[in-house]
Amino acid sequence: MPDLHNAQLDWDEHGQPLSRSYGDVYFSRANGLEETRHVFLAHNRISERCQALPAGGSLVIGETGFGTGLNFLCAWQAFAEHAPADARLHFVSVEKFPLSAADLQRALALWPELAPFATPLLAQYRAIHPGFQRLLLDGGRVVLTLMIGDVLDCLPQLDAQVDAWFLDGFAPAKNPEMWTPELFAELARLSAPGATLATFTSAGFVRRGLIEAGFAMVRVKGFGHKREMLAGPFQHTHRQAVAPWFARPEPPSAERHAVVIGAGLAGCATAASLAARGWRVTLLERQDDVAREASGNPQGVLYLKLSAHGTSLSRLIVAGFGHTRRLLERLQRGQDWDACGVLQLAFDAKEGERQGKLAAAFPADLLQPLSQAEAEQRAAVALPAGGLFYPDAGWVHPPALCRHLVQHPLISLQTYREALGLQRQADRWQVSGASGVLAEAPVVVLACAAEIGRLLPAANLPLKRIRGQISRLPASEASRALRTVVCAEGYVAPPREGEHTLGASFDFHSDDLTPSVAEHAGNLALLEAISTDLSQRLGAPALDPATLQGRAAFRCTSPDYLPLVGPLAEQSAFAEAYAVLARDARQVPDTPCPWLPGLYINSGHGSRGLITAPLSGELIAAWLNGEPLPVPREVVEASHPNRFMLRKLIRGT
């Protein structure tokens with residue numbers, strides 16, 4: 001079994017949770033609520049700092065040990081009471097052993113006065129899997145980033161500027177690895193100028209270690225029977241060491257207006273994330289509505305193609321899956337999406353071996369190995385093999401998700417607006433079409449798949465189009481038994497509006513989007529390989545492929561299968577600034593990156609856009625607003641648009 005699992009709890013006679021692993025309480029037996037307010041809120045001056053936030057300002061709180069979420073809910077309550085209406089709270093917390101949803105609900109029931117905050121947290125508390133997980137609360141005004149894993153694996157991957165620290169692991173005597181010089185150095189690295197820190201412990205080695213790291217810690221009166229605790233400000237400045245080509249560009253001018261080109265999933269998600277932060281967004285779409293191209297299929301599948309080796313792509317997929325899965329809770333289940341689960345068949349020995357490694361690497365609430373008999377019971381049709389079951393996954397109607405994302409008063413969707421040119425004029429981007437200028441703003445986000453190559457020819461971004469075709473099969477009485485999405489080389493979903501979606505073909509060469517009879521025939525063959533039983537229930541062997549309905553679209557992908565998300569440099573200036581890398585790739589010149597100011601990309605999601613595009617919208621917004629990034633630093637760099645320029649320089653091509 002993997003070592004990451006939920007916290008193992010015991011409950012005392014007062015209904016309070018105790019950690020079985022650490023033999024310690026989660027909060028003071030006297031009064032956990034008052035302890036949090038005394039130790040963490042009062043000694044970080046959270047209420048006063050919320051009151052002092054400027055319009056549109058934000059407060060970033062960092063925490064070690066999320067536990068029951070009590071500190072988070074108290075901070076949110078103080079923020080709700082004291083901060084300006086358009087301010088934002090970012091709460092970033094690390095937790096090695098997250099509580100199960102049932103245990104969290106039981107623990108938080110102890111504090112009825114926090115129910116207005118606990119209820120929405122519990123509604124979003126799902127798919128909390130290893131790595132970074134982002135939860136959006138209060139319409140996106142409160143952002144919780146949970147880092148699930150060991151603190152010294154997670155914090156070095158965090159890119160943030162933290163204003164206040166809640167140092168709240170289990171007691172040093174019970175959990176020594178949470179109180180180390182390495183941890184204190186990470187807290188210093190991540191601290192914003194003027195950051196403060198508070199902790200319930202007064203242990204001498206903790207005080208000395210924090211002072212060594214740059215915090216002016218003093219002993220002050222503790223809570224309840226605890227005589228003393230520690231609190232104090234960070235007194236140094238710390239520059240985060242990031243290579244200049246992956247560093248944060250200067251934030252754009254005061255006018256918070258962006259043009260987003262392309263109203264597929266990537267564009268709609270980007271618009272939603274910016275609008276939630278008070279940006280005015282002009283969303284340009286060349287078709288008559290959102291989700292008319294690759295995001296327009298009747299059913300898309302939350303298909304997690306993972307690696308047991310913790311690759312950047314795999315970590316992005318786990319984080320993106322959780323984020324999308326929480327978003328879907330806002331849609332109508334059964335009509336717009338369904339968490340019916342996804343079953344990936346072990347269709348040959350090699351796939352079976354790969355699945356065995358995944359089952360050993362990930363917790364059972366994310367994926368479960370099923371025997372053939374168990375898989376058949378789950379799917380309710382006969383299958384050729386067992387496989388991996390993802391209980392939280394399912395199918396989505398992507399147009400419904402896109403429509404939901406753009407329902408915001410700050411988003412202006414403009415259809416039949418095809419972007420043909422892009423020019424920087426003074427400090428604004430002008431987007432031109434056949435009839436002249438379509439829109440202009442200080443910031444432009446290109447979310448128009450491979451069409452980016454036409455708008456930015458000089459960047460030479462290696463985006464390629466892959467044609468995919470799905471087939472729609474009318475459900476029969478017998479086929480309606482299918483209870484889960486089943487995937488092998490293709491996929492078939494339970495029916496939506498009386499039809500099963502079946503697909504999808506891959507064609508790297510065709511530029512024609514007319515559905516082809518050959519690919520309908522190919523999709524029927526994929527169905528036969530998934531389940532002969534289901535194929536017969538649908539009468540597929542007798543179907544004429546020429547009579548089938550379906551649609552074709554271009555997916556857009558990159559050579560390394562990671563998306564392109566973030567700001568972009570000007571290519572010739574980049575090559576000049578970092579020419580030394582062609583001779584020695586280990587050099588890190590301190591020349592600032594020659595950014596294309598205010599230009600960002602969200603593209604290249606391939607066939608996994610449902611999983612990666614919405615979280616990438618959050619990443620774009622975090623870049624633009626100077627916020628904590630929602631994915632690990634390694635994932636940020638692996639999906640950065642500058643990576644291709646960098647590789648060309650290093651390889652001398």
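In this predicted model, the cover over the buried residues of helix α20 includes strand β30 together with helices α17 (571–577) and α19 (633–638).

**Helix α20**

- Helix α20 spans residues 643–651, and its buried residues are R643, F644, M645, L646 and L649.
- An α-helix has 3.6 residues a turn, so residues three or four places apart point the same way.
- Just after α20 comes G652, whose phi is positive at about 70°.

**The second largest pocket**

- The volume of the second largest pocket is about 1,100 Å³.
- Its lining is made up of 43 residues, of which A247, R248, P249, E250 and P251 are the closest to the centre of the pocket.
- Two or more lining residues come from each of the elements β4 (58–64), β30 (564–569), β31 (595–603) and α18 (609–625).
- The most is given by β31, which supplies six residues to the lining of this pocket.
- Sorted by class, the lining holds 24 nonpolar, nine polar and ten charged residues.

**Serine S295**

- S295 lies in the loop that runs between β13 (280–284) and β14 (300–301).
- Is S295 buried or exposed? Its relative accessible area is 13%, and because this falls under the 20% cut-off, S295 counts as buried.
- The side chain of S295 reaches the backbone nitrogen of L265, at a distance of 2.9 Å.
- When neighbours within four places in sequence are left aside, the contacts of S295 are G264, L265, P398, P399 and C402.
- L265 therefore figures both in the contact list of S295 and as the residue whose backbone nitrogen the S295 side chain reaches, because contact is counted for heavy atoms within 4.5 Å.

**The sheet β1-β2-β3**

- Three strands, in the order β1-β2-β3, form an open sheet with antiparallel pairing.
- Its edge strands are β1 (9–11) and β3 (24–25), each of which pairs on one side only.
- Strands of a sheet pair through backbone hydrogen bonds, either parallel or antiparallel.
- Strand β2 (residues 17–19) pairs with β3 in the antiparallel sense, over two bridges.
- Which residue of β3 is the bridge partner of L18? The partner is V25.

Technical notes. Residues are numbered from 1 along each chain as its sequence is written. This is a predicted model: local features need pLDDT of at least 70, side-chain atom pairs count only at pLDDT 80 or more; totals for chains, interfaces and linings use all residues. Side-chain values use heavy atoms; hydrogens and water are left out. Helices (H or I, at least four residues) and strands (E, at least two) are DSSP runs, numbered from the N terminus. Buried means under 20% relative accessible area, exposed over 50%, partly exposed in between (1.4 Å probe, protein chains only). A polar contact is a pair of N or O atoms within 3.5 Å; within protein, one must be able to donate a hydrogen and the other to accept it, and residues adjacent in sequence count only if both atoms are side-chain atoms. Two strands pair if DSSP finds at least two bridges between them. On a 1 Å grid over the protein atoms alone, a cavity is a set of points where a 1.4 Å probe fits but cannot get out, and a pocket is an open set with protein on both sides within 12 Å along at least five of seven lines; lining residues have an atom within 4 Å of a point. Grid points are joined across faces, edges and corners, and a volume is the space filled by probe spheres set on the points. Ala, Val, Leu, Ile, Met, Phe, Trp, Tyr, Cys and Pro count as nonpolar, Asp, Glu, Lys and Arg as charged, and the others, Gly among them, as polar.
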